[in-house]
Amino acid sequence: MASASAAGEAEVPNKRVILKRYVTGFPSEDDMEVVTATARLAVPPGSAAMVVKNLYVSCDPYMRGRMTKHERPSYVPDFVLGEALVNFGVGKVMASGHPDYKVGDLVWGMTGWEEYTLVPKPETFFKINHPEFPLSYYTGVLGMPGLTAWAGFFDVGKPKKGDTVFVSAASGAVGQLVGQLAKLTGCYVVGSAGSDEKVNLLKTKFGYDEAFNYKKEQDLDAALRRYFPEGIDIYFENVGGPTLEAVLDNMRNHGRIPVCGMISQYNLEEPEGVHNLFQVVAKRLRMEGFMVLEYFNQYYKFEEEMAGYLKEGKITYVEDIAEGSGEGTGSADRALHRPQRRQATGRRRPGVSAGTRRHFL
Ligand SMILES: NC(=O)c1ccc[n+]([C@@H]2O[C@H](COP(=O)([O-])OP(=O)(O)OC[C@H]3O[C@@H](n4cnc5c(N)ncnc54)[C@H](OP(=O)(O)O)[C@@H]3O)[C@@H](O)[C@H]2O)c1
């Protein structure tokens, strides 16, 4: 199959954010560097690869794990020093040798933190079927975090109308959607977040029945008893640590805990212990980890369902966007720090205060 190219065989400058050194503790600006390489806007003759121009890249918590050098292989490979960081992003096809992807197509998938990426396996990318929404939504509500919320809540959490649901990191990309899906299912839902502004947003924009600022609670167990006097049926776990410990004591018998992530542990050199795991036995809980990658085969079904909710105004979405790769690693660094340091606050859209997706191209 002959390759098509939007800009002939031209070589263009390709700004990229590379990892300079492996990270311990919180990532810092010095761990990364912006370098300018070149990219060819054509694919090698006879190959089925494609070249995408990256329009948005996402900064997701799991990237932190890839910045550490692991002695034992992790569930995703460590980043390669000197290479561009890699994560989900939205792009436009500039050249393609693949029969199913043509120049001009809008796609999302695993790409580089750089302006142009050569994608050897285009079939790992999804087509964007609803360009009427902001394209950045494909790094959030219509992309990986949205699918995570949908799959984790429905497939792992197995909710029923009337269930009591608790969500941690509730204003994050995943949490804000879990809460709204729980409300659509007829559940009572409470979220925790790290600022009063976010708590307000949970109640006024995302429809949470109740929300609290976990940083202001002296006693998390007492806070949960206040909001769940009869106990919790489903805990959507995003943070781990002391929150998980308090939740275990407040679960109802036969409760479910979809374990999505444990962000409170990602920057610690010594993970915290959880001391009351016997509650899993005593209360006959089902605690189950899941990976969004295993639900990619249901992506287009999810995309249609979520696009429908967005159009009907049943689901709303708030993003947090950092712009521009031209100011050194500053915007990349800020994008990385906001979620990890629990400061995610939108700054681009007036009136928006809790944030989720982060990109910088
Ligand atoms: N299993 C999967 O396939 C999968 C896929 C996607 C994401 N995840 C996981 O899902 C979770 C949420 O991801 P996301 O994309 O929604 O994240 P996000 O949008 O980046 O939001 C992360 C939020 O976590 C909170 N946080 C940070 N440090 C914390 C700490 N020490 N203790 C408590 N909260 C803390 C912060 O909010 P506050 O200000 O409210 O603290 C922060 O804004 C993460 O654990 C992530 O790893 C898993």
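What we have here is a predicted model. The chain has 361 residues, and buried residues account for 47% of them. Its secondary structure amounts to nine helices and 14 strands. If we take the contacts between residues at least 6 apart in sequence, 67% of them join residues at least 24 apart.

In what order do its six strands lie? The order is 11-10-9-12-13-14, in an open sheet with parallel pairing. At the edges are strand 11, residues 210–213, and strand 14, residues 286–289, each of which pairs on one side only. On average, neighbouring strands of this sheet are turned by 15° against each other, with direction ignored.

Helix 2, residues 144–156, packs on this sheet. The helix touches strand 12 (232–236), strand 13 (251–259) and strand 14, and its direction makes about 150° with that of strand 13.

Within the sheet, I would draw attention to one pair. Strand 9, residues 164–167, and strand 10, residues 188–193, are joined in the parallel sense over four bridges. There, F166 stands opposite V190 in strand 10.

The largest nonpolar core holds 90 residues. Which of them touch the most other members? They are V51, V178 and V247.

Key
Residues numbered from 1 in each chain as written. Predicted model: local features only at pLDDT ≥ 70, side-chain atom pairs only at ≥ 80, totals over all residues. Core = buried A, V, L, I, M, F, W, Y, C linked by C-beta atoms within 7 Å. Buried ≥ 20, exposed ≤ 12 C-beta atoms within 10 Å, placed from the backbone. Pairing = 2+ DSSP bridges. Helix = DSSP H or I, 4+ residues; strand = E, 2+ residues; numbered from the N terminus. Axes fitted to C-alpha atoms, helices over the stretch in contact; angles between N-to-C directions. Contact = placed C-beta atoms within 7 Å.
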